[in-house]
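The notes are grouped by topic.

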Amino acid sequence: MENKYQKIYDRSIQAPQDFWSEVAKDVFWYKQPTKILNSDNPPFYKWFEDGVTNTCYNAVDLHVKNGNGEKIAIIYDSPITNSKEKITYSQLKDRVSIFAGALKEQNINKGDRAIIYMPMIPEAVIAMLACARIGAIHSVVFGGFAANELASRIDDSKAKIILSASCGYEPGRTIEYKPLLKKAVEIANHKPDKCIIYQRKDFKIELDTKNEIDWNDAIKDAKPVECVEMNANDYAYILYTSGTTGTPKGIVRDIGGHIVALKWTMKNVYNINPDDVWWSASDIGWIVGHSYIVYAPLFHGCTTILFEGKPVGTPDAGVFWRIISEHKVKSLFTAPTAFRAIKKEDPNGNFFKKYDLSSFESLFLAGERADPDTIKWAESLLKVPVIDHWWQTETSWAISANCAGLGLSKIKYGSACKPVPGYDVKIVKSNGEEAKPNEMGDVVVKLPLPPGTFPTLWNANQKYKDNYMSTYPGYYQTYDAGHIDEDGYVWIMSRTDDIINVAGHRLSTGAMEEVLSEHKDVAECAVLGISDKLKGQLPIGLLILKAGVKKKHDEISKECIQMIREKVGPVAAFKTAMVIKRLPKTRSGKILRGTIKKIADGEIYKIPPTIDDPTILEEIKEDLRKHNILK
Ligand code: COA
Ligand code: AMP
């Protein structure tokens with residue numbers, strides 16, 4: 001079976017245009033593409049440039065037209081509100097068409113941007129698909145981000161409308177969206193015209209009659225609208241992700257390649273058939289949610305689960321098993337941290353024993369490196385393949401994986417297996433030479449990237465070129481470091497920039513440092529991600545105070561923690577800020593974050609030859625010990 005993978009992989013690399021033009025036949029086009037790849041202006045490649053299609057048509061209407069209208073498209077399961085709903089493809093088409101009509105009535109047209117700031121409810125998916133139906137570009141913002149982050153996305157996208165809800169629910173706390181929206185719009189320079197707000201059953205809020213519209217009022221007299229024809233290279237969405245500065249990067253997705261690639265992955269990467277029930281336990285605010293809660297399963301005509309809850313505490317560590325068993329889920333995709341959380345609460349799998357999981361065939365993990373302990377624990381409990389795969393917001397689908405639909409390869413714990421067809425993955429050393437097997441280096445992908453990956457950044461072609469395509473000309477720089485072994489397995493070990501991964505959430509330490517530097521008593525600071533048993537990594541802040549500051553250190557720390565919560569958001573899980581005397585630096589003034597991290601994690605570290613004063617390392621060690629951070 002492994003030969004099947006190898007054959008398909010080789011063809012995708014040797015004859016990418018033939019490969020993808022065949023794959024593209026599986027998609028509905030108003031006009032079939034005849035130009036498969038335009039490589040005239042590297043690194044800006046265009047896939048399927050003369051094709052005409054529509055994302056919503058492929059996700060919804062096509063299945064109704066093909067006689068599958070009565071099939072369940074979405075199962076909404078919300079243990080946090082104790083509610084469930086099943087939506088057929090026909091019902092989804094009706095609801096999306098009407099909401100698309102409501103958007104048209106608000107003068108939202110092809111190319112306009114809509115921010116979606118919503119909890120995990122069916123209306124959020126309807127909002128995404130309605131934008132796609134009329135050719136508006138959506139930008140979903142994760143609910144755990146603070147008003148500042150929302151404001152920067154409003155400004156960068158120049159959104160004409162915001163689609164939101166009265167609240168979101170977190171265990172033990174209701175998140176009121178309106179104050180966050182209000183604050184974000186106040187901070188933003190660009191002001192969206194309108195806001196449509198979905199009122200949740202048990203949490204109705206008062207709306208401002210001037211520019212806030214109740215979702216139900218918006219759809220009351222709206223007329224359903226049909227899908228508009230879109231060029232394959234028009235944009236489907238912008239999804240902002242952490243960059244190396246406080247300004248997030250707007251990853252754009254073009255329409256044609258997105259449909260072609262994602263639909264293909266459902267069978268080939270995940271071995272899912274259109275009659276299967278598929279579950280991605282993530283959030284629509286992240287790329288995993290965009291691709292695998294919403295688009296890919298719907299393009300493929302499957303049933304997708306929309307889960308509003310947590311792996312533990314809603315109500316217990318058995319909720320994943322309950323959902324798999326109740327809805328007959330074939331495969332689950334989540335982040336390793338979710339399994340670590342379940343393992344912590346229920347190490348012996350007592351909850352698991354209560355359910356019949358005979359429908360379940362495989363577990364896919366991504367978002368952070370799946371540590372071998374977690375994989376082995378999940379395997380011993382579930383007795384199905386546990387597959388780690390590696391990908392990024394930039395690509396929207398897996399770069400390397402054990403492709404279940406092409407015949408599983410041997411599992412090597414800690415590796416994200418082999419490059420997925422379409423991706424020519426290499427390891428390069430800092431001198432630009434290709435690394436030998438097992439030699440560490442930067443992980444890069446030879447251009448052109450396959451369809452569905454980012455063709456550019458929103459309004460920032462130069463930044464796209466400079467940030468991703470310049471260090472190694474002809475290659476996409478992933479900012480991950482790792483190696484490829486003698487069997488061609490890819491091992492992703494760490495980031496090479498300031499990104500940390502907290503519970504599968506991608507965050508920039510640079511952006512947190514920018515916030516901390518705004519504290520009036522802070523002269524200098526460093527934020528780094530230290531390892532954490534549950535969340536993978538957790539940020540800690542090290543603060544150097546300005547001379548003469550008399551305030552209690554504890555108070556300053558508390559204020560700093562609150563600042564990150566308010567400006568970045570609770571999702572940063574920033575709970576530790578400690579005042580220290582000096583930061584270790586190189587002679588040229590670079591803070592030795594990597595060395596501090598190694599000290600904190602109890603790893604062996606070398607004293608860097610360029611350090612200006614090695615005694616500071618002992619001082620830092622003592623500080624970390626005092627704060628119970630030293631492992
Ligand atoms: N809206 C508002 N706040 C949110 C939020 C949302 N959508 N999502 C998370 N938060 C808040 C949480 O309430 C929490 O706030 P607190 O500091 O007041 O407790 C904070 O952000 C951190 O949240 P979270 O990362 O969910 O941590 P947790 O300790 O509540 O739960 C896990 C830990 C492991 C259970 C949780 O991280 C999880 O389910 N992870 C799955 C990973 C995942 O889906 N990754 C997506 C990429 S695949
Ligand atoms: P995001 O764009 O939020 O999906 O985050 C992408 C980053 O998460 C990658 O660049 C990696 O650093 C990390 N990541 C995702 N999946 C994996 C994996 N399977 N193994 C190791 N790192 C991963």
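This is a predicted model: local features need pLDDT of at least 70, side-chain atom pairs count only at pLDDT 80 or more; totals for chains, interfaces and linings use all residues.

The shell of residues around ligand 1 is made up of 10 nonpolar, six polar and six charged residues.

**Ligand 1**

- Ligand 1 is surrounded by 22 residues, and the closest of them are Glu170, Arg173, Lys310, Lys535 and Arg565.
- The side chain of Lys535 places an N or O atom 2.8 Å from an oxygen atom of ligand 1.
- Lys575 also has a side-chain N or O atom by an oxygen atom of ligand 1, at 2.9 Å.
- At Gly143 the backbone takes part: one of its N or O atoms is 3.3 Å from a nitrogen atom of ligand 1.
- On its own ligand 1 exposes 930 Å², of which the protein buries 82%.

**Ligand 2**

- There are 15 residues around ligand 2, with His389, Thr393, Asp480, Arg495 and Arg506 the closest.
- By class, this shell around ligand 2 holds four nonpolar, five polar and six charged residues.
- Thr393 has a polar side-chain atom 2.5 Å from an oxygen atom of ligand 2.
- A nitrogen atom of ligand 2 lies 2.7 Å from a polar side-chain atom of Asp388.
- For Arg369 the contact is through the backbone, where an N or O atom is 3.5 Å from a nitrogen atom of ligand 2.
- Ligand 2 has 490 Å² of accessible area on its own, and the protein covers 93% of it.

**Helix H18**

- Helix H18 runs over residues 615-626; its 12 residues, at 1.5 Å a residue, should span 16 Å, and the 17 Å between its end C-alpha atoms agrees with this.
- Which residues of H18 are buried? They are Ile616, Leu617, Ile620, Asp623 and Leu624.
- Viewed down the axis of H18, these buried residues fall within an arc of 120 degrees, so they line one face of the helix.

- Glu22 belongs to helix H2, which covers residues 16-23.
- Glu22 has a relative accessibility of 43% and therefore counts as partly exposed, a class that lies between the 20% limit for buried and the 50% limit for exposed.
- In sequence Glu22 and Val260 are 238 residues apart, while in space their C-alpha atoms are 9.9 Å apart.

Terms used. Residues are numbered from 1 along each chain as its sequence is written. Chains are lettered from A and ligands numbered from 1 in the order in which they are written. Side-chain values use heavy atoms; hydrogens and water are left out. A residue is near a molecule or strand if one of its heavy atoms lies within 4 Å of it. A polar contact is a pair of N or O atoms within 3.5 Å; within protein, one must be able to donate a hydrogen and the other to accept it, and residues adjacent in sequence count only if both atoms are side-chain atoms. Accessible areas come from the Shrake-Rupley method with a 1.4 Å probe; for residues, only the protein chains shown count as cover. Ala, Val, Leu, Ile, Met, Phe, Trp, Tyr, Cys and Pro count as nonpolar, Asp, Glu, Lys and Arg as charged, and the others, Gly among them, as polar. Helices (H or I, at least four residues) and strands (E, at least two) are DSSP runs, numbered from the N terminus. The expected span of a helix is 1.5 Å times one less than its number of residues. Buried means under 20% relative accessible area, exposed over 50%, partly exposed in between (1.4 Å probe, protein chains only). The arc is that of the directions from the helix axis to the C-beta atoms.
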